Amino acid sequence: MTGDFAVWVYLSRTPLLWLTVTLVAYVVADRIATATNRHPLANPVLVAIALTAAVLEVTHTPYATYFEGAQFVHFLLGPATVALAFPLYEHRATVLRALAPMLAALLVGSVVALSSALTLGHLLGVPRAVIVSLAPKSVTTGVAMGIAQTLGGDPTLAAVLVMLTGMTGGILVTPLMNALRIRDMRARGFAAGLAAHGVGTARAFQVDVVAGAFAGIALGLNAFLTAMLAPIAVSFLR
Amino acid sequence: MIVGLTLILAAQLLGEALARATGVPVPGPVIGMALLLVFLVVRDRYARVAARLLPPPLVDGQLEGAGRGLLANLSLMFVPAGAGIVGRLDVLAVHGAALAVIVVVSTLTTLAATALTFVWVSRWMRSGEGA
């Protein structure tokens with residue numbers, strides 16, 4: 001018994017264990033997604049996070065210990081974002097032809113994301129500091145935390161809301177687009193990337209490469225536009 | 001694979017450096033994406049010079065392979081950050097219900113408004129071309 005415990009104490013302190021747990025959770029989540037024919041609710045990001053969080057909870061593992069192993073996976077987010085250039089380049093003709101719809105959708109989407117969050121927050125009586133953290137919820141985490149901090153919000157809360165928005169968007173985008181009868185993969189992908197940043201982009205890539213390329217563009221453009229618009233939008237709050 | 005990955009990391013590094021140096025509110029990796037895009041355009045425009053000057057993995061499709069490998073597993077990369085967020089859900093406690101409503105309604109509205117604008121503008125432009 002003590003021997004088993006010693007093994008656990010050793011393993012739980014090396015990056016190897018938590019890196020493996022992360023990958024296993026993802027493989028299981030991906031298998032579930034494939035088995036359900038990529039059903040929106042079986043979103044691999046959501047399932048893998050739930051599985052990992054459950055393991056951490058059961059084993060009483062502090063997040064810092066977990067992250068020592070998982071950081072190798074986390075690090076790849078940066079290079080993967082850079083790699084969005086490949087589908088963008090591959091489909092450049094399609095992208096260039098859609099320049100006007102993209103810019104219009106970017107402007108409308110960004111303004112709707114900001115104004116709907118601020119208005120609803122105001123109507124529901126949410127305090128100002130929380131509303132400010134809510135403003136950049138459709139933007140990729142790093143930028144959203146920066147925006148929230150600059151405007152006097154709480155960066156941690158902003159990060160939580162960003163992830164929740166991402167997962168909400170990743171789950172809802174397919175049923176919503178089907179209900180609206182939008183079959184244009186460019187429009188579907190662009191909306192996913194704009195409203196639900198990287199998680200929406202990951203979902204878009206599972207559905208269609210062109211959708212993924214457009215999601216990647218939307219993610220980048222909306223990070224930029226929201227950073228510009230958020231201070232203006234927040235100044236309307238009293 | 002390593003050469004391709006090196007170029008991708010170099011683009012990100014340069015992107016991060018530019019973002020910090022200029023203070024523009026764009027994430028470093030997104031600037032890196034733009035830089036990589038410029039690289040791809042220039043490489044293919046001067047394909048013959050590129051084939052002579054660049055290491056073979058950057059011109060024979062291995063670079064694209066490395067990129068595809070990364071993007072195919074984009075979902076995986078959100079797991080570590082997401083697992084951390086689960087532990088911080090207590091920050092939602094006080095306004096949990098209101099925030100849940102706002103996130104769902106605002107995300108749905110944003111998705112619909114963005115996609116519909118895209119579809120309408122592209123339809124309007126096509127009808128303009130036809131006339």
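A residue counts as buried here if 20 or more other C-beta atoms lie within 10 Å of its own, with C-beta atoms placed from the backbone. The model shown in every view is predicted.

**Figure 1. Chain A is built from helices, with zero strands.** Buried residues make up 54% of the 238 residues in chain A. The chain has 13 helices, and its pattern along the sequence reads α-α-α-α-α-α-α-α-α-α-α-α-α. Its C-alpha atoms fill a box of roughly 65 × 45 × 30 Å along the principal axes. A compact globule with 238 residues would have a radius of gyration near 18 Å, and the 19 Å of chain A agrees with that. Take the contacts in chain A between residues at least 6 apart in sequence: 62% of them join residues at least 24 apart.

**Figure 2. Helix 3 of chain A spans residues 44-58.** Its 15 residues reach 21 Å from first C-alpha to last, close to the 21 Å expected at 1.5 Å a residue. The buried residues of helix 3 of chain A are A:P44, A:V45, A:L46, A:V47, A:A48, A:I49, A:L51, A:T52, A:A53 and A:L56. Within chain A, these buried residues pack against helix 2 (15-35), helix 4, helix 11 (155-179) and helix 12 (185-207). They also pack against helix 5 of chain B. Just after helix 3 of chain A, A:H60 takes a positive phi of about 55 degrees.

**Figure 3. Chain B meets chain A through residues of several helices.** The contact takes 62 residues from chain B and 89 residues from chain A. On the chain B side, the elements giving two or more residues are helix 1 (2-22), helix 2 (28-45), helix 4 (62-72), helix 5 (79-87) and helix 6 (96-130). Helix 6 of chain B supplies the largest share of that side, 24 residues. By class, the side of chain B that touches chain A has 44 nonpolar, 15 polar and three charged residues.

**Figure 4. Helix 4 of chain A packs against helix 5 of chain B.** Two packed helices are described by the angle between their axes and the distance between the axes. Here the axes of helix 4 (residues 63-75) of chain A and helix 5 of chain B come within 8 Å and cross at roughly 155 degrees. Angles over 145 degrees count as roughly antiparallel, so helix 4 of chain A is roughly antiparallel to helix 5 of chain B. Helix 4 of chain A contributes A:Y63, A:Y66, A:F67, A:A70, A:Q71, A:V73 and A:H74 to the contact. Helix 5 of chain B contributes B:V79, B:P80, B:A81, B:A83, B:G84 and B:G87. This helix pair's contact has nine nonpolar, four polar and no charged residues.

Technical notes
Residues are numbered from 1 along each chain as its sequence is written. Chains are lettered from A and ligands numbered from 1 in the order in which they are written. This is a predicted model: local features need pLDDT of at least 70, side-chain atom pairs count only at pLDDT 80 or more; totals for chains, interfaces and linings use all residues. Two residues are in contact if their C-beta atoms, placed from the backbone, lie within 7 Å. Helices (H or I, at least four residues) and strands (E, at least two) are DSSP runs, numbered from the N terminus. Ala, Val, Leu, Ile, Met, Phe, Trp, Tyr, Cys and Pro count as nonpolar, Asp, Glu, Lys and Arg as charged, and the others, Gly among them, as polar. Axes are lines fitted to C-alpha atoms, for helices over the stretch in contact, and angles run from 0 to 180 degrees between N-to-C directions. Angles under 35 degrees count as roughly parallel, over 145 as roughly antiparallel, 65 to 115 as roughly perpendicular and the rest as oblique. The expected span of a helix is 1.5 Å times one less than its number of residues. A residue is buried if 20 or more other C-beta atoms lie within 10 Å of its own, exposed if 12 or fewer, and partly exposed in between; C-beta atoms are placed from the backbone. The radius of gyration is taken over C-alpha atoms; the globule rule is 2.2 Å times the number of residues to the power 0.38.
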